[in-house]
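Work through each task, then follow the solution step by step.

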Amino acid sequence: MKEELKKLLFIFYKKLLEDPYASKFIFTQNIIDDLIERQASVLEKLIQAIKSGNKEEVEKISKHIAEVHKKLDLDIDVFNKSVDYYINLIEKHNLDINDVEKDFLKDSLMKHYAKKYIKNQIENTLKILEDARKSGKNFYKNYVISKKINFLNQIMSLVESFDSYYLDPSLIDHSVCPVGKFFSGISFKIMTINNVESALRTQSFHREVHTSFLEFLSYYKDKNYIMSARSIERLIKSLLN
């Protein structure tokens with residue numbers, strides 16, 4: 001099967017080069033040849049693990065493939081299309097994989113790429129917030145930044161162990177979130193008494209953060225990994241306002 005996979009991967013990476021971001025990283029035939037050789041072996045092991053029902057091995061290999069391709073800085077939508085294209089190649093070349101196994105293959109690859117993609121988005125945001133906290137001298141702003149950092153760290157833990165993670169109510173409900181309580185308290189009203197419009201805008205962004213988080217939860221549970229990633233992007237955009 002490995003030689004057949006190498007042929008498919010050659011076509012696959014040729015197609016991937018059409019993406020402007022990926023082409024910045026895959027720019028010589030030697031790199032392509034090396035990727036084809038290594039990924040053919042990995043994919044062969046992955047397909048064998050799927051066919052034998054070895055879920056632990058499937059998880060391990062899918063995580064490795066996600067890490068390799070995340071280094072290409074591909075948008076999750078591009079990766080999804082790439083996986084679809086690759087599975088389509090498998091179908092056209094009549095490799096010994098049934099429909100259930102193909103669905104499992106795609107779900108496993110997308111789940112782990114989504115994890116890497118979302119965690120990367122959060123890590124980048126955490127760096128921005130940490131820098132802002134270090135340089136900030138305003139107690140109120142630093143308090144809010146600290147709570148935002150805590151919020152993102154909880155989401156990181158959730159993504160890492162989604163099925164077993166305890167979901168803190170403060171992640172879901174903006175009114176019981178520490179920041180939400182602060183925004184509805186007397187101290188915040190006094191601080192923003194001369195700028196009501198700004199206060200209302202801040203509270204609105206805070207509600208949007210929790211709305212995006214609920215969307216993320218729903219999409220992730222439904223294995224809609226692209227929309228779960230987009231929800232996190234919206235959450236981060238609101239969080240940075």
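**Exercise 1. Sort the residues that line the largest pocket into nonpolar, polar and charged.**

Solution. The lining divides into 16 nonpolar, nine polar and five charged residues. Here Ala, Val, Leu, Ile, Met, Phe, Trp, Tyr, Cys and Pro count as nonpolar, Asp, Glu, Lys and Arg as charged, and the others, Gly among them, as polar.

A note before you go on: this is a predicted model, where local features need pLDDT of at least 70 and side-chain atom pairs count only at pLDDT 80 or more, while totals for chains, interfaces and linings use all residues. Residues are numbered from 1 along each chain as its sequence is written, and side-chain values use heavy atoms, with hydrogens and water left out.

**Exercise 2. Find how much space lies in the largest pocket and which residues are closest to its centre.**

Solution. Start with the volume, the space filled by probe spheres set on grid points joined across faces, edges and corners: about 570 Å³. Next, of the 30 lining residues, Val144, Lys148, Phe183, Leu239 and Asn241 are the closest to the centre. Finally, α7 gives the largest share of the lining, nine residues. (On a 1 Å grid over the protein atoms alone, a pocket is an open set of points with protein on both sides within 12 Å along at least five of seven lines, a cavity is a set where a 1.4 Å probe fits but cannot get out, and lining residues have an atom within 4 Å of a point. Helices are DSSP runs of H or I, at least four residues, numbered from the N terminus.)

**Exercise 3. Describe the largest cavity.**

Solution. About 160 Å³ of space lies in this cavity. Among its 14 lining residues, Phe12, Leu43, Ile65, Tyr86 and Leu109 lie nearest the centre. The largest share, five residues, comes from α5. By type, the lining has eleven nonpolar, three polar and no charged residues.

**Exercise 4. Check the span of α11 and list its buried residues.**

Solution. The expected span is 1.5 Å times one less than the number of residues, so the 26 residues of α11 should span 38 Å, which agrees with end C-alpha atoms 38 Å apart. Buried (under 20% relative accessible area, 1.4 Å probe, protein chains only) in α11 are Ala199, His206, Val209, His210, Ser212, Phe213, Phe216, Leu217 and Tyr220. Take Phe213: not counting residues up to four places away in sequence, it touches (heavy atoms within 4.5 Å) Phe151, Ile155, Leu158, Leu167, Leu171, Ile172 and Leu235. Just after α11, Lys223 takes a positive phi of about 65°.

Notes. Helix = DSSP H or I, 4+ residues; strand = E, 2+ residues; numbered from the N terminus. Buried < 20%, exposed > 50% of the residue type's maximum accessible area, 1.4 Å probe, protein only.
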